[in-house]
Amino acid sequence: MLTESGSLICTLMHVHHNQLELRTNGKGLYEITENVQSKIKACGMRNGTVTVFVQHTSCSVVIMENADPTARRDLKEFFDRLVPEEADYFTHNSEGGDDMPSHIKMALTRTSETVPIVDEEMQLGTWQGIFLFEHRRAPHRRNISVTIIGEM
Amino acid sequence: MLTESGSLICTLMHVHHNQLELRTNGKGLYEITENVQSKIKACGMRNGTVTVFVQHTSCSVVIMENADPTARRDLKEFFDRLVPEEADYFTHNSEGGDDMPSHIKMALTRTSETVPIVDEEMQLGTWQGIFLFEHRRAPHRRNISVTIIGEM
Amino acid sequence: MLTESGSLICTLMHVHHNQLELRTNGKGLYEITENVQSKIKACGMRNGTVTVFVQHTSCSVVIMENADPTARRDLKEFFDRLVPEEADYFTHNSEGGDDMPSHIKMALTRTSETVPIVDEEMQLGTWQGIFLFEHRRAPHRRNISVTIIGEM
């Protein structure tokens, strides 16, 4: 808050960078909604946007139905059928059958998502959660950048 | 615009949140380009970005060809064939055959889109329009958050 | 940096708009990571985000594996098989067989991507590059908007 000789009051915008680390244990969706929300509360950003950016090319970020676990299971199953591991035309497979499919599933979904913030709360709809969508079979450590821009 | 003893002139950045409500009447694309543009004009944001964020998991936001209606019809038809309602492995179907396909089509497209603003105008290409992509058969009321960040 | 009577020091946020022009020569991925990074260096933005927005509906922006060219070739091949040119139900084909498939591939990928910036560097993961994904056969001139928001 900047006050100049009592006549001007304005709120300055700021940028806050945060990192999340998540350990995954096979294909599927891992919810990170609360992890992101807690970063917003921690920096006290009242009004702005948060950008969730996953720093990998074999997993994604998606906003998905957060109430029924079967919706996430069906989503994973759809992608496994749409991008089968045994496709005979893949040439990028040095890391195994789930190597190339993981990049394709990532390109079909999202690397980042930007969500509005009002009064320190993400403006998600009732059934929206933020998820990391892991496309690899083996356990992985995933880095997610959380950038908050707005007014305190 | 902040002037301090005549020596410093700088433009402060601001955040403006807006809501759009749209009533849909079955699957397909509904253009919202002018609705978004009018929010920018209304707040007088000259220079920045606008983030259009749909607060649901059974519809999407997409930027699509805005001139030929057949392009939108073919897009809808492609998604209906790619994600058929009668897939026998779906278990999340309490709201009917278009329940799980709507979440999958959402994940395959986008929940938000961020567009640059210059001189109060979105910098869309000639053939780009912003559309809500409805994936449910029944009429729905859809909430869209429009966040404008930039300089006045 | 704004200093007011010695008691307040704060960094003001700014918006910088830039344009990239890229000539493509057929379907496939064209890396633009360094083009975007050089725009950040040129304006000296230290801390914030960059939004890369492609102003067309027949090409996309994707973040993809940047090390092995076969990963990009397999990605292109997957999309060519997922959205075949000869689909008999397409009605939007006035510009040829790759007309409607190019819009569908665009909707399945992304029109924009937002990447965090720390110390003038995009916070991409080790294997992440930013690519324009061209979906048309013929050579095209592509316009990409690069919007940098943050603190100097």
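Q: How many residues does the contact take from chain B, and how many from chain A?
A: This is a predicted model, and in it the contact takes 35 residues from chain B and 41 residues from chain A.

Q: And what area do chain B and chain A bury between them?
A: About 2900 Å² is buried between chain B and chain A, and 64% of that area is on carbon and sulfur atoms. On the chain B side, the residues that lose the most area to chain A are B:H17, B:F53 and B:Y89, which together account for 19% of what that side buries.

Q: Why give an area at all?
A: The accessible area lost when the parts come together is often used to give the size of an interface.

Q: OK, how many salt bridges are there between chain B and chain A, and how many residue pairs in polar contact?
A: The count of salt bridges between chain B and chain A is zero, whereas 14 residue pairs are in polar contact, with both residues at pLDDT 80 or more.

Q: Which elements of chain B give two or more residues to the side that touches chain A?
A: Those elements of chain B are the strands β1 (2-4), β3 (13-25), β5, β7 and β10, together with the helix α3 (99-108). The largest share of that side comes from α3(B), which gives six residues.

Q: What does that side look like by class?
A: The side of chain B that touches chain A has 16 nonpolar residues, 17 polar residues and two charged residues.

Q: Let's switch to chain C and chain B, what are the numbers there?
A: Here the contact takes 34 residues from chain C and 41 residues from chain B. The area buried between chain C and chain B is about 2900 Å², with carbon and sulfur atoms giving 64% of it.

Q: How many salt bridges and polar contacts are there between chain C and chain B?
A: Across the interface of chain C and chain B there are zero salt bridges by the rule used, while 13 residue pairs are in polar contact, again with both residues at pLDDT 80 or more. The elements of chain C that give two or more residues to the side touching chain B are β1 (2-4), β3 (13-25), β5 (47-54), α3 (99-108), β7 (112-118) and β10 (139-151). Of these, α3(C) gives the most, with six residues, and by class that side of chain C has 16 nonpolar, 16 polar and two charged residues.

Q: New topic: how many cavities are there?
A: The count comes to four cavities of 30 Å³ or more, and the largest cavity has a volume of about 180 Å³.

Q: Which residues are closest to the centre of the largest cavity?
A: The largest cavity is lined by 18 residues, and the closest to its centre are A:S112, A:E113, B:S112, B:E113 and C:S112. At least two residues of this lining come from each of β7 (112-118) of chain A, β7 (112-118) of chain B and β7 of chain C. By class, the lining has no nonpolar residues, 12 polar residues and six charged residues.

Q: And what about the second largest cavity?
A: The second largest cavity holds about 130 Å³ of space, and 13 residues line it, with A:T49, B:T49, B:T51, B:T114 and C:T49 nearest its centre. Its lining has three nonpolar, 10 polar and no charged residues, and at least two lining residues come from each of β5 (47-54) of chain A, β5 (47-54) and β10 (139-151) of chain B, and β5 of chain C.

How values were computed
Residues are numbered from 1 along each chain as its sequence is written. Chains are lettered from A and ligands numbered from 1 in the order in which they are written. This is a predicted model: local features need pLDDT of at least 70, side-chain atom pairs count only at pLDDT 80 or more; totals for chains, interfaces and linings use all residues. Side-chain values use heavy atoms; hydrogens and water are left out. Contact means heavy atoms within 4.5 Å. Buried area is the accessible area (1.4 Å probe) that two parts lose on being put together, summed over both. A salt bridge is a side-chain nitrogen of Lys or Arg within 4 Å of a carboxyl oxygen of Asp or Glu. A polar contact is a pair of N or O atoms within 3.5 Å; within protein, one must be able to donate a hydrogen and the other to accept it, and residues adjacent in sequence count only if both atoms are side-chain atoms. Helices (H or I, at least four residues) and strands (E, at least two) are DSSP runs, numbered from the N terminus. Ala, Val, Leu, Ile, Met, Phe, Trp, Tyr, Cys and Pro count as nonpolar, Asp, Glu, Lys and Arg as charged, and the others, Gly among them, as polar. On a 1 Å grid over the protein atoms alone, a cavity is a set of points where a 1.4 Å probe fits but cannot get out, and a pocket is an open set with protein on both sides within 12 Å along at least five of seven lines; lining residues have an atom within 4 Å of a point. Grid points are joined across faces, edges and corners, and a volume is the space filled by probe spheres set on the points.
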